[in-house]
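Trainee: I have a new structure open and would like to learn how to read it. Could we go through it together?

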Amino acid sequence: FYGFYNYIKIIFFEIFYQIYFFRFSDFKTNIPSDIKIKNKKNSYNTRYLPTPYYFLKIINQQIYDKKKTLVDFGCGNGRVLNYFNNRFSNLIGFDINLDFLKLKSTNKYIQINKFDLRKISLFKKKYSTLKKKNKILFFYDPFDVYLISKIIYLISKKGDLIVLIHIKKKYFKNFKIIFKKEFLNKDKNIIFFKKTK
């Protein structure tokens, strides 16, 4: 999907940041997609896949306004929040399951929410204040594109940055693309959209 050169970079940054952050448990939290979990409280659409550190480095190099709030949808074990810990004024994470959450820092500006984002009407009521913040909305595959669209519509405002990884561009035609990195497979990408209206 990524090409040989990018795979080398992904492997290098994984090794480097696993040592740097001392987070060797990142891949132990995988839940195989072919196993059905009987306890409905812990059922998932797909298995947990951490965002590659190489992607986080690319994203960090493209974001200049560090005063924004970074909102990570599907924060898993907190890899993205941990990486951006000292880079943004506020960090917010949402996930249906926080059993594997492992934050290195006790940063008081990190807010974690256990929430099923598919309950969109409840999300709208409970987190409508997010719309007022200057923010970056972060979504990493696998994620339901229609659910992403609803969340973006509900809480984004003009000037917000939306970072989508491995999402088909055709679903987001009304947003201005300000950065794009495509890999060998065009559906494997990192795209920054800006809300213009």
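Mentor: Let us go from the whole chain to the sheet, then to one strand, the salt bridges and the surface.
This is a predicted model, so local features need pLDDT of at least 70 and side-chain atom pairs count only at pLDDT 80 or more, while totals for chains, interfaces and linings use all residues. Residues are numbered from 1 along each chain as its sequence is written, and side-chain values use heavy atoms, with hydrogens and water left out.

Trainee: How many helices and strands does the chain have?
Mentor: Helices (H or I, at least four residues) and strands (E, at least two) are DSSP runs, numbered from the N terminus. This chain has 5 helices and 7 strands. Read from the N terminus, the order is α-α-β-α-β-β-α-β-α-β-β-β.

Trainee: What share of the residues is buried?
Mentor: Buried means under 20% relative accessible area, exposed over 50%, and partly exposed in between (1.4 Å probe, protein chains only). Of the 197 residues in the chain, 47% are buried.

Trainee: How are the strands arranged in the sheet?
Mentor: As a general idea, strands of a sheet pair through backbone hydrogen bonds, either parallel or antiparallel. Two strands count as paired if DSSP finds at least two bridges between them. Here, 7 strands form an open sheet in the order 3-2-1-4-5-7-6, with mixed pairing. Strand 3 (110-114) and strand 6 are the edge strands, each pairing on one side only. On average, neighbouring strands are turned by 15° against each other, direction ignored. Axes are lines fitted to C-alpha atoms, for helices over the stretch in contact, and angles run from 0 to 180 degrees between N-to-C directions.

Trainee: Which strands run parallel to strand 4?
Mentor: Strand 1 (residues 69-73) runs parallel to strand 4, joined by 5 bridges. In this pair, Leu-70 stands opposite Ile-136. Helix 5 packs on the sheet, touching strand 1, strand 4 and strand 5, and its direction makes about 175° with that of strand 4. Strand 5 is also parallel to strand 4, again with 5 bridges, and Phe-139 stands opposite Leu-164 in strand 5.

Trainee: What lies across from Ile-162?
Mentor: Phe-193 in strand 7. Strand 5 and strand 7 run antiparallel and are joined by 5 bridges.

Trainee: Are the two faces of strand 5 covered or open?
Mentor: In a regular strand the side chains alternate between the two faces of the sheet. In strand 5, Leu-161, Val-163 and Ile-165 are buried on one side, and Ile-162 and Leu-164 are buried on the other. Take Ile-165, whose relative accessible area is 0%. Contact means heavy atoms within 4.5 Å. Leaving aside its neighbours within four places in sequence, Ile-165 has contacts that include Phe-55, Ile-59, Phe-139 and Ile-190.

Trainee: Which residues of helix 2 are buried?
Mentor: They are Tyr-53, Tyr-54, Phe-55, Leu-56, Ile-58, Ile-59 and Asn-60, which is 7 of the 10 residues in helix 2 (residues 53-62). These buried residues pack against helix 1, helix 3, strand 4, strand 5, strand 6 (176-182) and strand 7 (189-194).

Trainee: Where are the salt bridges?
Mentor: A salt bridge is a side-chain nitrogen of Lys or Arg within 4 Å of a carboxyl oxygen of Asp or Glu. The whole structure has 3. One joins Arg-79 and Glu-14, at 2.9 Å from N to O. Arg-79 lies in helix 3 (residues 79-83) and Glu-14 in helix 1 (residues 4-21), so the pair ties together parts that are 65 residues apart in sequence. Arg-79 is buried at 2% relative accessible area, and Glu-14 is buried at 13%.
Another joins Asp-160 and Lys-135, with the closest N and O atoms 2.5 Å apart. Asp-160 lies in the loop between helix 5 (145-155) and strand 5 (161-165) and Lys-135 in strand 4 (residues 135-140), so this pair links parts 25 residues apart in sequence.
Asp-116 and Arg-118 also form a salt bridge, at 2.9 Å between the closest N and O atoms. Arg-118 is partly exposed, with a relative accessible area of 43%.
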